[in-house]
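These notebook entries record what I looked up in one structure. I kept them in the order in which I worked.

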Amino acid sequence: MSSDFYKSSILPFAGIIIKLCRAYTNSQEDFEDYYQEVCLQIWRSKDNFREESQWSTWVYRIALNVCLTLLKKKKNNVQHFVSDSVMDEETESNYAFSDESLNLLYAAIRRLSEIDRAVIMLYLEEKSYMEIADIIGTNQNNIGVRVNRIKERLKKILDGKIN
Amino acid sequence: MEKSIENIWKDGFLKSDKLIAPQIDNLYSQKSIHIIDKFTRMFRINLNAIVAFAFVFLVITYFVGIPITGAIFFIALMILFAFNKKLLKGLEKLDKGDSSYEYLKSFNLWIKKHKEINKKVYTLLYPIIFLALIVGFWFKDAKGLPLGERLVTKILIGFPDTYLVYGIPLIGIVIVLFIMGLLAFFGGRLFQWDLNVIYGRVFKKLELLMTDIENLND
């Protein structure tokens, strides 16, 4: 992967990639692995981009697929479960954001289903329902209903934690 | 007033310093180490399995009445173990501090050396294993007489003109030598096939990784 490709085609979307990767990981180490794997997959798949959608949609789709695949692998890996307790401690320290409300929101997002996490993150990043539907692979109407349901769920989770 | 999740999101990231993209320079370091570690682990398990099998087989053959087979098997497998144990030491000495590409290249060289040595070992090993089985059954006790001698007696009753070399039918020697020749000829290929069955996935990952790094360097 050339640094030019990274700077021009990945870095502009690094923010959302970082946010997505953080929603699927519990430690800095895992987060870095996920981020690097996403970048690598974007680079590997770049020749398959057919311009049928926007480059950003393509990038988000790859990021989501990579995160879901790695999460599935992690779930199947008993060793990772053993080390989860260590990672939880890490979550409290160097992995946390400086803003406490954001930490709580992230913790609530991590309690959602894997797809709901992606939907709400893309919504919070102000992507249109059409773009979210395109990335997730569903129809636009479904997304609207889903976003409202997720927001309700998040509010319920956050109730009692944020005034 | 309670903040909406949209505001928590926006305000949180405005204040946050955690949106820095990780360095991707060391992208391949962990991957290389992980793949080679996986191979080393599998290789070590395989070696231990060879030793365990050699001992178990020795005991079984003793009780089955073909201890010669067990003994030859045991010695042959111990020689195989010794060769590969030495190779494993070389693998463990590979410097992880080298760059990912150099590390993978030295691992690749090690694999080549491993293949070359084991191809030669297996060229001898398969015929020896076959011969061990024949010899073991030949000397197996069959009602007070070795099974081989009993078999020759039966052959001589049916075919009195059978030509014997040191009490063994020449045709039998020719057939055994032919099969041993075939096993020696295909030994290297059988080893290669065996290697691909066990480590094929690791080798494919290694190849992909090296191609990636080469493209990256280009």
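**Entry 1. Conventions.** I worked with a predicted model, in which local features need pLDDT of at least 70, side-chain atom pairs count only at pLDDT 80 or more, and totals for chains, interfaces and linings use all residues. Residues are numbered from 1 along each chain as its sequence is written, with chains lettered from A and ligands numbered from 1 in the order in which they are written.

**Entry 2. Chain A.** I looked up the secondary structure, taking helices (H or I, at least four residues) and strands (E, at least two) as DSSP runs numbered from the N terminus. Chain A has 10 helices and 0 strands. For burial I counted C-beta atoms, placed from the backbone, within 10 Å of a residue's own: 20 or more others make it buried, 12 or fewer exposed, and anything in between partly exposed. By this count 29% of the 163 residues of chain A are buried. I took two residues as in contact if their C-beta atoms, placed from the backbone, lie within 7 Å. Of the contacts in chain A with a separation of 6 or more, 67% are between residues 24 or more positions apart.

**Entry 3. Chain B.** Chain B holds 6 helices and 4 strands. I read its pattern along the sequence as α-α-α-α-β-β-α-β-β-α. Buried residues are 15% of its 218 residues. Among its contacts between residues at least 6 apart in sequence, 70% join residues at least 24 apart.

**Entry 4. The largest nonpolar core.** I next searched for nonpolar cores, each a set of buried Ala, Val, Leu, Ile, Met, Phe, Trp, Tyr and Cys residues joined through C-beta atoms within 7 Å. In soluble globular proteins, nonpolar side chains tend to be buried together. The largest core here has 40 residues, of which Leu20(A), Cys21(A), Val38(A) and Ala63(A) touch the most other members. At least two residues of this core come from each of α2 (14–23), α3 (28–45), α4 (55–76), α7 (100–110), α8 (114–124), α9 (129–136) and α10 (140–158) of chain A, and from α1 (5–15) of chain B. The most, 8 residues, come from α4(A). I also checked the domains, whose bounds come from an automatic or database domain assignment. The core lies between domain 1 (1–92) and domain 2 (97–163) of chain A, because both give residues to this core. Which residues are in contact with Leu20(A), leaving aside its neighbours within four places in sequence? I found Ala63(A), Leu64(A), Cys67(A), Ala118(A) and Met121(A). A second, separate core has 6 residues, including Ile35(B), Ile36(B), Phe39(B) and Tyr103(B).

**Entry 5. α2(A) and α3(A).** For helix pairs I used axes fitted as lines to C-alpha atoms over the stretch in contact, with angles from 0 to 180 degrees between N-to-C directions. α2(A) and α3(A) pack at about 130°, their axes 9 Å apart. I class this pair as oblique, since angles under 35 degrees count as roughly parallel, over 145 as roughly antiparallel, 65 to 115 as roughly perpendicular and the rest as oblique. In the pairing, Ile17(A), Ile18(A), Cys21(A) and Arg22(A) of α2(A) meet Phe31(A), Tyr34(A), Tyr35(A) and Val38(A) of α3(A).

**Entry 6. α8(A) and α10(A).** The axes of these two helices come within 10 Å and cross at roughly 95°, so α8(A) and α10(A) are roughly perpendicular to each other. From α8(A), Asp116(A), Val119(A), Ile120(A) and Tyr123(A) meet Ile143(A), Arg146(A), Val147(A), Ile150(A) and Leu154(A) in α10(A). I found α8(A) mostly covered, with 8 of its 11 residues buried; among them are Arg117(A), Ala118(A) and Leu124(A).

**Entry 7. Positive phi.** After α8(A) comes Glu126(A), with a positive phi near 60°. Lys143(B) counts as exposed because it has 6 C-beta neighbours inside 10 Å. Tyr166(B), also not a glycine, has a positive phi of about 50° and sits in the loop between β3 (164–165) and β4 (168–169). With 5 C-beta neighbours inside 10 Å, Tyr166(B) counts as exposed.
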